[in-house]
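Subject: Structure for your review

Dear colleague,

Please find the structure below. My notes on what was found in it follow.

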Amino acid sequence: MFDTVVIATDGSDSASRAVDVALDFAGKFGAEVHALYVVDRGDVAASPDELRKELVDALEAAAEEALDDVRERTEGSVETAVRNGRPGTEITNYAEEVDADAVALGTRGRHGDHGFVLGSVAEAVVRRCDRPVLTVRQLDEGEVAPGEA
């Protein structure tokens, strides 16, 4: 039923929990895992011209670190990809390209929660993606996940 799972990560705490949940989910189905990091072109475009090269380098380093983290958390193989663009669009497009059966991501990312229940990237993916989307909420400080108590 679930042969291919895409895990979208940005290296944030919310994404970290989503990675754990998604890897467990994929493992239960023996699914192939794809980890995706999207460099948000809006972050780059909004930066001053003289800082863009440094920002791109930093974002590419962050991408590799986040994808390495996914690889280190599983014993199985992980296909990885870095895309540039609008995260919601790129995640949805990538899921279609690899014919994913499900997409997993955190509800809040690098930019924090700003008081919203669902972050803008997660909301965009839920609204646009024609695949099942697993959103994983970051636990509040001191909160324990079900089954870990």
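**The end of helix H4**

H4 is followed by Asp99, a residue whose phi is positive, near 55°. Please keep in mind that this is a predicted model.

**Overall layout**

The protein has five helices and five strands. Along the sequence they come in the order β-α-β-α-α-β-α-β-α-β. Of its 149 residues, 38% count as buried. Taking contacts between residues at least 6 apart in sequence, 75% join residues at least 24 apart.

**Helix H4 and its surroundings**

H4 covers residues 87–97. Its buried residues are Pro87, Gly88, Glu90, Ile91, Thr92, Tyr94 and Ala95. The cover over these buried residues includes S1, S2, strand S3 (78–85), strand S4 (102–106) and H5.

H5 runs over residues 120–128, and the axes of H4 and H5 come within 8 Å and cross at roughly 40°. Angles under 35 degrees would count as roughly parallel, and those from 65 to 115 as roughly perpendicular; H4 and H5 are therefore oblique to each other. Their crossing is right-handed. On the H4 side, the contact is made by Pro87, Gly88, Thr89, Ile91 and Thr92. On the H5 side, the contact residues are Val121, Ala124, Val125 and Arg128. By type, the residues of this contact divide into five nonpolar, three polar and one charged.

In soluble globular proteins, nonpolar side chains tend to be buried together. Here the largest nonpolar core has 19 residues, and Ile7, Val33 and Tyr37 touch the most other members. Two or more residues each come from strand S1 (4–8), helix H1 (13–29), strand S2 (32–40) and helix H3 (52–72). H3 gives the largest share, five residues.

Which residues does Val33 touch, not counting residues up to four places away in sequence? They are Val5, Ile7, Leu23, Ala26, Ser77, Val78 and Glu79.

There is also a second, separate core of 14 residues, with Val103, Leu105, Val125 and Cys129 among them. Val125 is also one of the H5 residues in the contact with H4.

**Two strand residues**

His34 is found in strand S2. Is His34 buried or exposed? Its relative accessibility is 7%, so His34 counts as buried, the limit for buried being under 20%. Leaving aside neighbours within four places in sequence, His34 is in contact with Thr4, Val5, Val6, Ile7, Glu79, Tyr94 and Val98. Of these, Tyr94 is one of the buried residues of H4, and Ile7 belongs to the largest nonpolar core.

Leu134 lies in strand S5, which spans residues 133–136. With 31% relative accessibility, Leu134 counts as partly exposed, since partly exposed means between the 20% limit for buried and the 50% limit for exposed. Leu134 is in contact with Val21, Val103, Ala104 and Leu105, leaving aside neighbours within four places in sequence. Val103 and Leu105 are both included in the second core. Leu134 and Ala102 are 32 residues apart in sequence, while their C-alpha atoms are 7.2 Å apart in space.

Regards

Methods:
Residues numbered from 1 in each chain as written. Predicted model: local features only at pLDDT ≥ 70, side-chain atom pairs only at ≥ 80, totals over all residues. Heavy atoms only, no water. Helix = DSSP H or I, 4+ residues; strand = E, 2+ residues; numbered from the N terminus. Buried < 20%, exposed > 50% of the residue type's maximum accessible area, 1.4 Å probe, protein only. Contact = heavy atoms within 4.5 Å. Core = buried A, V, L, I, M, F, W, Y, C linked by side-chain atoms within 4.5 Å. Axes fitted to C-alpha atoms, helices over the stretch in contact; angles between N-to-C directions. Parallel < 35°, antiparallel > 145°, perpendicular 65-115°, else oblique. Left-handed = near helix turned anticlockwise from the far one by under 90°. Nonpolar A, V, L, I, M, F, W, Y, C, P; charged D, E, K, R; others polar.
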